Amino acid sequence: MSGVNLEGIVKAYGALQVVHGIDLTVAEKEFVVLVGPSGCGKSTTLRMIAGLEEITAGDLTIDGRRMNRIAPKDRDVAMVFQNYALYPHLNVADNMAFGLRIRRMPKAEIKTTIDDVAEILGLTPYLDRRPADLSGGQRQRVAMGRAIVRHPKVFLFDEPLSNLDAKLRTQMRAEIKRLHNRLGVTSVYVTHDQVEAMTLADRIVVMNDGRIEQIGTPMELFNDPANTFVAGFLGSPPMNQMKGTLTASGAKIGDAEIKIDGRVGDHAGRDVIVGIRPEHVTLSAEGPSSALPISLDLVEPLGSEALLHATHGDDSLVFKAATNGDIDHLSGVDAVHVPSHLVKLFDAETGHALNFGV
Amino acid sequence: MMNWNLYSRGDRFFAIVVSVLIGMFTVATLYPFIYIAAVSFSSGFAAQAGKVVLTPIDATLEAYGYILWDPQFWVSYRNTFIYTIGGTLMSLAFIIPGAYALSRPQLKGRRFFNLFIAFTMWFNAGLIPFFLNMRDLNLLDSMFGIILAFAVNAFNIILLRNFFEAIPQSFEEAARMDGANDFQVLWKVYMPLSKPAIATITLFCIVSRWNGFFWAMVLLQSEDKIPLQVFLRHTISNLSDDDEFAIVQTAAGFSAETVTAAIIVCSIIPVLIVYPFIQKYFEKGILLGGVKE
């Protein structure tokens, strides 16, 4: 099976350790996205899998074979670079054929392979063009084509869409997803864009400061973030986090108290961080919920919904509300209603998620 | 056509001064060529009397007749081609891989090697030690010695290294992922991307080899190994020292001056032929080098 397995992977530059022992298993045909802020070690991890960075400690296996000291070309992985790295002096066909020629594939076979891949990617009319004569999206496709023609065991993507404009990015994202569904090649994808992570991934790996914060499916991470970092990273806008203290049936946040499901009463008096997703609140009470008074700063209309920027005590909060085609009714909002079953709790010191059961 | 109305008085004055200076510079560099060509086609008498200014006086091909019939001229002409082509190829064979290696961040001891190379630009052993070294290596009076001894040029290495460094590392990484080894990365990716820089150092090498005079004079003794520039010097000294020859030559219509000029014209022609082909790269290369350093 063409899975990728990382065990205790460490990367250090001299005394500076940037990746602190990562354990990750990517199953065959799985699409795993490494996501995190810049400098979190996600690209370094990807480059270690590619063989472009040496592994300081730990074991990397691809397809069951230890790869630590194997040259990139012998790992049977292909990579799509952030800046495409297309050879400017070669046309599209030659760019895609480069790796095949080096591997001495027969000419006729190269031609059929390239024609097939160009067909899949819609590049057939552009095979004679140089990269400079292509649009950003076309270049991106050529970069993917160059990876695909080799039929590698693993695809590696290093922020491949970050140089594209927003519209093209959405389009290419869907294309990558379709391509993966069609080819079924194990893929590791690095991005700092949580929307890309959510939409593309079978599983997301959230990284921060050279460590893995949480691994899970997009919905697992969204619904049950393991800590405040993940909660604050995924979701758009991310989860609101407020300092509070547990009471018999909920949590006291400033002078307000909200009800929370579960046996929070057993831990009354404990300092916590209360997490509320912007889209989970309602403007009127629906089911078991409690009102959180807010003072509204700003309403940002997005069309079908609007973002309410508000404060509660010292906390800056953002909530989402439906517009129903009009935002006038939102300007007078002075409280939101928080459903008691959707409130998340995190330890005030460690930031780890708390689960007191229901 | 420039629209002068859009320029202030100061700008116009500046443009005029610049044009005049460029004009003077053009004349200063072009005139020696014209003068030498005119002398080479003049009669020996007119040349000796200093009558030639811009056009040939008493036009004649005698000087050319004299050198073109001299077998030694053709031997040294051939030698110059051998030194130029062999030397340039040898230089490129050292400079390109050397510059590439020095440009790679993964090269261990890179700073040391770079300093080591640059050091030779400021300090060198000097004439006598170099001569002794060549003697001890049995490379005196050797054509291969001339080709080998000046193959590595620190300035060219640094110029090309800077160019290689400016090429994004991801090209190398992409080629590596595609299965290329070091040599293939250099040959198939970095060299095609560095055409302007390589053309520039090629031209530098060609010109310096073609004009190479001093070391050839010091290191070569055999007549059948000397290049054109040394032959030119021999001819000049022979002609001017030889009184008997002076009588013959004047009668025949050429002189030391016209023969010298004819050899110079013959030696310039190949460079003039090659230059236009490399010029477009050359300009870019100069710009590049200028910006990088």
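In which sense do strand β1 (residues 4–13) of chain A and β2(A) pair, and over how many bridges?

Modeller: First, a caution: this is a predicted model. Now to the pair. Strands β1(A) and β2(A) run in the antiparallel sense, and eight bridges join them. V10(A) has H20(A) as its bridge partner in β2(A). In general, strands of a sheet pair through backbone hydrogen bonds, either parallel or antiparallel.

Chain A is divided into domain 1 (4–229) and domain 2 (238–354). Their C-alpha centres lie 38 Å apart. Six residues of domain 1 are in contact with six residues of domain 2. On the domain 1 side, the touching residues are three nonpolar, two polar and one charged.

Chain A also has an open sheet of six strands. Its order is β13-β12-β11-β14-β20-β21, again with antiparallel pairing. Here β13 (256–259) and β21 (353–354) of chain A are the edge strands, each pairing on one side only. Look at one of those edges. Strand β20 (residues 344–347) of chain A pairs with β21(A) over two bridges, in the antiparallel sense. F346(A) has A353(A) as its bridge partner in β21(A).

Now some helices. In chain A, α3 (residues 107–121) and α4 (residues 136–148) have axes that come within 10 Å and cross at roughly 140°. That angle makes α3(A) oblique to α4(A). The crossing of α3(A) and α4(A) is right-handed. From α3(A), the contact uses V117(A), A118(A) and L121(A). From α4(A), it uses R141(A), M144(A), G145(A) and I148(A). By class, this contact has five nonpolar residues, one polar and one charged.

The axes of α4 (residues 71–103) and α8 (residues 154–166) of chain B come within 8 Å and cross at roughly 50°. So α4(B) is oblique to α8(B). The crossing of α4(B) and α8(B) is right-handed. Helix α4(B) brings I95(B), I96(B), G98(B), A99(B), Y100(B), L102(B) and S103(B) to the contact. Helix α8(B) brings N156(B), I157(B), L160(B), R161(B), F164(B) and E165(B). These residues divide into eight nonpolar, three polar and two charged.

Last, the two chains together. 14 residues of chain B are in contact with 16 residues of chain A. On the chain B side, the elements that give two or more residues are α9 (169–177) and α10 (182–193). Helix α9(B) gives the most, with six residues. By class, the chain B side has eight nonpolar residues, three polar and three charged.

How values were computed:
Residues numbered from 1 in each chain as written. Chains lettered and ligands numbered in written order. Predicted model: local features only at pLDDT ≥ 70, side-chain atom pairs only at ≥ 80, totals over all residues. Contact = placed C-beta atoms within 7 Å. Helix = DSSP H or I, 4+ residues; strand = E, 2+ residues; numbered from the N terminus. Nonpolar A, V, L, I, M, F, W, Y, C, P; charged D, E, K, R; others polar. Domains from an automatic or database assignment. Pairing = 2+ DSSP bridges. Axes fitted to C-alpha atoms, helices over the stretch in contact; angles between N-to-C directions. Parallel < 35°, antiparallel > 145°, perpendicular 65-115°, else oblique. Left-handed = near helix turned anticlockwise from the far one by under 90°.
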